[in-house]
Structure formats: C-alpha cells, structure tokens
Amino acid sequence: MGKFNRYLITAALPYANGPVHIGHLAGCYIPADIYVRYLRAKKADVKFIGGTDEHGVPITIKAMKENVSPQDIVDKYHKIISDSFTDMGISFDIFSRTTNQVHHETAAAFFKKMYDDGLFEEKESEQFYDEKAKVFLADRYIVGTCPKCGNPGAYGDQCEKCGTSLSPDELINPRSTLSDATPVKKVTKHWYMPLQNYEPFLKEWLLEGHKEWKNNVYGQCKSWLDNGLQSRAMTRDSSWGVKVPLPDAEGKVLYVWFDAPIGYISATKELTPDWADYWCKDDTKLVHFIGKDNIVFHCVIFPAMLKAHGGFVLPENVPANEFLNIEGEKVSTSRNWAVWVHDYVKDFPDQQDVLRYVLCSTAPETKDNDFTWKDFQQRNNSELVDIFSNFVHRTMVLMHKLCGGKVPAFHQELKDEKDDALLANLLASRQKIEDSLENFRQREALAEVINVAREGNKYLQEKGPWLLAKTPELQAQHQKEIDNCLHLCLQLTANLAILINPFLPFTAKKICHMLKVVDRMLEWENAGSLKLVSVGYSLRPPEYLFTKIDDAKIKEQVDKLHAGLIKPTAPAATPAAAPKEEKAEIQYDDFAKLDLRVGTILSAEKVEKADKLLKLQVDIGTEKRTVVSGIAAHFKPEEIIGRQVTLVANLAPRKMRGIESQGMILMAEDATGKLVFVNPDAAVAPGSEVR
RNA sequence: UGCGAGGUAGAGCAGAGGUAGCUCGUCGGGCUCAUAACCCGAAGGUCAGGGGUUCGAAUCCUCUCCUCGCUACCA
C-alpha cells in the first residue's frame, strides 16, 4: 500500500429517477463496499463517498409527465435508493445528494474558478426548442417518421426500428415528445470546455502512467484520446440544476456531467471538515468505482476538470465493471426487466449476504455476465451452505459434543504435519486474498475465502474426531487429539470471519456472535492468528449461517420477473401512487357484501382507442363474464390467457369505451407502480369463493 | 459506420507458443460428526469460425461472425 496514507473511494452517483437493481450492485456498489471494508479492516484512513445525482433533463421530464415537481421525484428516489443501500450493507460514510446547498455552492465555485481562469469558450448555437413546453429538446426527445424505413416512432438521434442514426433535421414531421409541438430552432449560448487542450496531459497521465488499469478501461480511454478530443458544452438550458454563476446566464444550469462528479467533492465536504486532506494531498489514493457506461467521464472529462481547476488529486484507478444481464437478457428499466434491490430485501429478509455473495462471485469484472436465479440458488446451496456454513456448523456441533461446549486446549506436544499444513495454507490464502483484493480481482479473492473453508472441511475429515470418540473409553484415550483438532477448527472459523468480512459482513458478525468475540477481532491483521478464541471459553450453540433455498422460492422469482415484464409496445407504466393512507375501519357485514370469486382468463384483447384497457373473458364456473381492466401497460393479452384471477363478481356493471364491464380484477400495486395479479396460491376450481 | 472490450466443458473463470485446466453442477463408488462434507473414479471442449506463420497455435498474424459499451445532446 506504501505511498498512500489515506483513501478516498467513490461509487457512481445513481441517477434519482428510479430505484436501484442488482446490476447496479454488481457493477459498482458491492465492489466498492468490499474494497472499503477491506481497507477499514486494515485500519486504513478511508472515506467512502456516495449520493444521488439529482439534476438533468430526464428528471424534469419525468416530473412533467407525472405532474409533480422535480424535487418530488428526487426526494422519492433518494429515499428508495438510500434505503436499498443501507439494507444491503453498502457502508457509505456519507450518502449525499446533488440538490444539497453545499453541492450547489461547491459546483458553482468550481465552475466560477475555471471561468475566472479563462478556461471556457463561449459559443452560440442553434438548438431545437419546444415552444409549448418552453424547453430546449435533446435529440432523443424529438420523434418523427424515419426517412429510411418510414417508422413513425423514430427518435431524433436514432431510429430503433432500422438502426439508422439520425439527426432531428432528417425526421419527417418532427414533434416534441413532451407536448406534440413542432420543434423550432432557436439560438442559445453555452460555455464549452476545450478538452483538446488537455490531451497532452491526459495522454501522459493516463496512457503512460496507468497502464495497470483494467483492459476495458484503458482501451476505451486510449480510443478516445487517439481519436482526439473536442470542446464540450458544460452548461444547458434548464431551470433544474446548479445555476451558472454568471450575470448573463439566466435559465442556464451546469451540465449534469459537469456537476455530478463534483458531487463527490461536495459530499466529502459535508462529511468532514478535513475534506481537503482527501482531495488535495498527494498521498491520498482516489479510486472511482463505476459501471462501464461511465468510463469516459471518470477517466477523461473529470480528470481534465480537476486538472484545469487545479489543486486536486487525480484518480489512482477506475476499476469499471461491465454489465450484468438477467436470465440471458439485458437489464431494462423501462421494460421492468430487472431484479430490484428493494424487492429482493423484502423477498429474502436477512439474506443480504447471499446476494452479495452471488453478485461478487459472478461479478462482470472482465465481460458482461448473466445472473440467473438458478445459479443464485446453486451458489447458495452448494457453496455457502454445503461448504462454508457447513464447516462452521460441524465445528460448533462437534465442539459442543466432544469438548463440553468450551474452547479446548491445544496440546503442543501432539501437533502434527496436518496441523502445520492447515496454518501454512491459511497464511498463503490470506496473502492471495490480499493480492487479489488490491488488484481488484474480487471474484478470485472470494473464491479463495471459500477455499479456506474447503480446506477446513478436509482437515476435519482427515482428523475425524468423531471416530476417536466412538465410545467413552476411546474418547478418554484420545481427548487430547480431539481437543487439538477442534481447537484449530475453531481458530479457523474465527479466521473465516475475518476473511469473509469484506464480502459478507452480516455473516462475519454472526460468527463473532457464535464465538462470543468482539467485532474488533475482525481487523485484518488478525488473519492467520491461531489465538483468536481463548481456551476454556464457553461458546454459544451453533446456528446456521445460511440455509438452503428451495425450487419453489426460485420459481417464484422467475415468475415474478416475467410477470412484471412490460412489453415495448405498451406505453410506460402509470406513475406510482404514494403509499395510500389506511382506510377507515369497517364492520364484517361491510366486507361480507363483497362477492369475490376465482376465475380463469379465457381470452384477452386490447380495447380500441384506449392505452390501458384490456377486454377480458373470465370463466367463473357458473358463467363467463366480460371484464374491462386497466392493465394493458403491464401485460400483453396473449400472456395472461389461462391465468387465474380474483374477481369482484357483484360490482355494478359499468360501461367503459362502450363495453360493459361485469366485475373487477384484483391487482396489487407496488411503490414503483407495477401491477401483479392477486391469485390463489394454488389452482382452484373456477368460481371458488374468496372469503 | 468507426473505435474499445469480450467470445475456452451445462455455469463461473484460469491459461498469452509445447498439445487444455480450476471451482460449482452431472453420473458411479467409498465414508458419515454435519443443512452430504471429504475421498476415489467417470462423462462432458473441432478453445466462436475460416485462412496463414511455426516442428508445434487457445496463445502470434489475417479475414469473418456474435455480444456489450462508446461514437461527444440519453445522466
């Protein structure tokens, strides 16, 4: 670790227009957390910085569409995101937000210093403008007919049907996605950063100085620098963001990619008055954890900004991960093809470490990887349960059975080569784990920890203390050998807690509890010690660190994933309702008025001229009902045929779009606005009553 | 389109000139303190594909295919 006396670790600021999913965790937050926990265990001076990125056009547009303020949007998602991280044990020293006062001041001052130093170019250009919504439009927010293939839904930057990249000028019949207005061109002024001026510096610092960076990161940066940089606008026309701190800049804000990385600095300021030690002293090691989509901003643009401003350290490494797919398909938030962290925490309570384990061992360190629930189950059952947890458990059980529940003594005179080998292997593993962690090969490091448990199992097996205790006479004769074996197994268990701690902190704590040791034992310097638990100390009864996950639980998750999928043809989901107030108390008689029946969907079709409505035929045993249901945004007609649903059968008929709806289907809606059917747990006869 | 990264057993990875290996899974056997660990054995790969260099190529050169990212206004 050598020349660095303190560490500043950042994890990409998630954009506050949606919750976080497991791809975010695998790509960025878990790797960062593992690294940070390792450094803390080494008693390094380290600060772990995070927060939400809350500016930018997509948030204003989401707000406009949901008819709320941008602040409402970011408040809502900051909370959801922040809770998800807390629940998963992502141990930020601060989790801030870019709408904070400190950040606005810091970002504005950063810009102003660069402005005063004459580092910006002022340029005027023509941009498309929506006169109805009174906003400038990014290419993406202009749609029209593709000149190549005639697709009427082509975007201003690209036609997704034929793949042609376009400019808004080429679109036939262009309109704004925000208001349907025809965009007009309007002149606007912005401040540009001439990145080309920093090319020599970047080439030397990065291409010459950081050849050790990961292939994917280095190659991408080299490509940018080889192709030459250009001036890039650092401001935007918007009312939402950090105001440009200049007199003639009404309606201008800092470009989010300018302000967001400065958020790391602001958050550090907020965290500690010593923030400048971490940002300005050469003996600080700054490491940015990000996903691969962010490489250029963290490796080229932000370092150029830091250099331009002056006085800041530059990142020492940017170990960007690739992407995690889910069940063979890219994560898509708009199609809801994702495993949301807040859902996982609810569905798998107290099993954060299982997800941490799986996401680390299948982390996309060198290429995109695939997350499957089957793999999740298998890794839990055969690695965490069978190897890791089982070693700890059998050690504890045997200690209670054969050593009276106390840590047995170690009798030096009986030490053999197997005992020596166990220690030698432990020390070698510790070294390997350190090397791997310091070089950002976390999969390898974690596999080595499991390997230590495997060695433990092997050792226990070879010693076979249970064989030495077949009869009371035998046991009395061999008690010292039994003691030695279990003494070492217990010390190894304590070592496992230390080694697994950066990866699975909840598990490390559980082991400490069982062994009745304090959390300070987890300090890294204790790894390899055989004096972690004291002889004669009585320990707690064994408990399972992990338990098997059965097929049904896995199927549930796979079904949930598919059920939640929104087909691309469907319009975006309706805005999520705020958690509803509890309704007033009712009497049983009120409830008894409802006639709830289980039915089976026989057919389903879209209702003409209605985005959200499906017309369903539902078999409720005695008759077939026509029901109009507002679920078209969530389900394709063909995928719900044959499903069982719960129907309010005695609701007064009502006409919608000219069709009489004879009942209502019960749906559950979560915080993100996603709908799922309320179903019987197992299939029952159509018409069964629900009480 | 251009550029970058990647493509090795069912899954996750290692190997960077000497004839393919590790972990998990699968199958068979032994053993059993334990949520079936550990031991022994087996099956499973034209190393994305074609061409070339070489005594010898997963590895070097070349072309092609596939996946993902970037391509500067999608945060």
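This is a predicted model: local features need pLDDT of at least 70, side-chain atom pairs count only at pLDDT 80 or more; totals for chains, interfaces and linings use all residues.

I begin with helix H12, residues 373-402, and helix H14, residues 442-463, whose axes come within 8 Å and cross at roughly 40°. H12 is therefore oblique to H14. The crossing of these two helices, H12 and H14, is left-handed.

Which residues in H12 and H14 meet? From H12 there are Asp386, Ile387, Phe388, Phe391, Arg394, Thr395 and Leu398, and from H14 there are Ile450, Ala453, Arg454, Gly456, Asn457, Leu460 and Gln461. Sorted by class, this contact of H12 with H14 comprises seven nonpolar, four polar and three charged residues. As a general point, an α-helix has 3.6 residues a turn, so residues three or four places apart point the same way.

Let me stay with H14 itself. Its 22 residues reach 32 Å from the first C-alpha to the last, close to the 32 Å expected at 1.5 Å a residue. Just after H14, glycine 464 takes a positive phi of about 45°.

H14 has another partner in helix H13, residues 417-438: the axes of H13 and H14 come within 8 Å and cross at roughly 170°. Angles over 145 degrees count as roughly antiparallel, and H13 and H14 are therefore roughly antiparallel to each other. In this contact, residues of H13 including Leu422, Leu426 and Ile433 meet residues of H14, among them Ala445, Val449 and Val452. The contact of H13 with H14 divides into eight nonpolar, four polar and eight charged residues.

I turn now to the aromatic rings. How many aromatic pairs does a search of the whole structure find? The search finds 28. One of them is formed by tyrosine 35 and phenylalanine 440, a tilted pair with 4.9 Å centre to centre and 40° between the planes. This pair links distant parts of the chain, with tyrosine 35 in helix H1, residues 22-41, and phenylalanine 440 in the loop between H13 and H14, 405 residues apart.

Finally, valine 345 is found in helix H10, residues 341-347. Leaving aside residues up to four places away in sequence, valine 345 touches Asp87 and Met88. Valine 345 and methionine 88 lie 257 residues apart in sequence, yet 7.7 Å apart in space, C-alpha to C-alpha.

Key: Residues are numbered from 1 along each chain as its sequence is written. Chains are lettered from A and ligands numbered from 1 in the order in which they are written. Side-chain values use heavy atoms; hydrogens and water are left out. Axes are lines fitted to C-alpha atoms, for helices over the stretch in contact, and angles run from 0 to 180 degrees between N-to-C directions. Helices (H or I, at least four residues) and strands (E, at least two) are DSSP runs, numbered from the N terminus. Angles under 35 degrees count as roughly parallel, over 145 as roughly antiparallel, 65 to 115 as roughly perpendicular and the rest as oblique. A crossing is left-handed if the near helix is turned anticlockwise from the far one by less than a right angle, and right-handed if clockwise. Contact means heavy atoms within 4.5 Å. Ala, Val, Leu, Ile, Met, Phe, Trp, Tyr, Cys and Pro count as nonpolar, Asp, Glu, Lys and Arg as charged, and the others, Gly among them, as polar. The expected span of a helix is 1.5 Å times one less than its number of residues. Rings of Phe, Tyr and Trp (its six-membered ring) pair if their centres lie within 6.5 Å; planes under 30 degrees apart count as stacked, over 60 as edge-to-face and the rest as tilted.
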